[in-house]
Amino acid sequence: MSEELQTQEQILEAAKQVFQERGFSGARMQEIADEAEINKSMLHYYFRSKDKLFQKVFQDSIRQFFPEILKVLNADLALVPKIEKLVETYYEMFKKHPHLPRFVIHEMNQHPDRFRGFVRKEGFEIPERFVEQIKTEIASGTMRKIDPREFIINTIGLCVFPLIARPMVETVFDMSEDQYRQFLEQRKKELPKFILNAVKR
């Protein structure tokens, strides 16, 4: 890797950390430069504005987030192992990138048009294969009748809520950081059973 590309990667990694922790409004270019261990002039040489740097980080974050989930939904798996894998994927992603879910959800609410445009451009959509899988389960009598959209939204919501509401969860249940992580590990095991029992016929 050339020195120029290496510096650019260094900047993007620093910007990802700062933006995901503080959001667009709270982040400062000087803080990103300090995190990347470069001066502010060099930062502006590579990325002329905070907005351009943010767009790059946000797009990279979505590319990190959505394809992993869609890959599971499109996998050649029966419904039970697929839901187990989906829950595991969410929580493993959170362990690697703890600020990612809150960052993506906050920023897509702040800039919905930009989010919609990017998602459509990238072709991120719920695989028809997964929708048909739900319909097949309903038709076979193993799952109660439910709109596939409801099932998908409920499943994703149950996965994401404890991640984006971490401060509230820790406060309400008086959890330390270690206790919160233990809670997520336990939830990773229990949540698939809860989801599937809720729609079992």
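Which residues does K16 touch, not counting residues up to four places away in sequence? K16 touches V57, Q64 and H97, where contact means heavy atoms within 4.5 Å. Please note that this is a predicted model, in which local features need pLDDT of at least 70, side-chain atom pairs count only at pLDDT 80 or more, and totals for chains, interfaces and linings use all residues. Residues are numbered from 1 along each chain as its sequence is written, and side-chain values use heavy atoms, with hydrogens and water left out.

K16 lies in helix α1, residues 3-26 (helices are DSSP runs of H or I, at least four residues, numbered from the N terminus). With a relative accessible area of 18%, K16 is buried, that is, under 20% with a 1.4 Å probe, protein chains only.

Now to the core. The largest nonpolar core has 60 residues, and F19, I32, L53 and F151 have the most contacts inside it; such a core is a set of buried Ala, Val, Leu, Ile, Met, Phe, Trp, Tyr and Cys residues joined through side-chain atoms within 4.5 Å. Helix α4 gives the most to this core, with 10 residues. Because domain 1 (1-48) and domain 2 (56-198) both give residues to this core, it lies between them; the domain bounds come from an automatic or database assignment. Beyond its near sequence neighbours, up to four places away, F19 touches residues including I32, L53, V57 and F103.

Finally, α9 gives the most to the lining of the largest pocket, with 6 residues (a pocket is an open set of points on a 1 Å grid over the protein atoms alone, where a 1.4 Å probe fits, with protein on both sides within 12 Å along at least five of seven lines; lining residues have an atom within 4 Å of a point).

Terms used
Helices (H or I, at least four residues) and strands (E, at least two) are DSSP runs, numbered from the N terminus. Buried means under 20% relative accessible area, exposed over 50%, partly exposed in between (1.4 Å probe, protein chains only).
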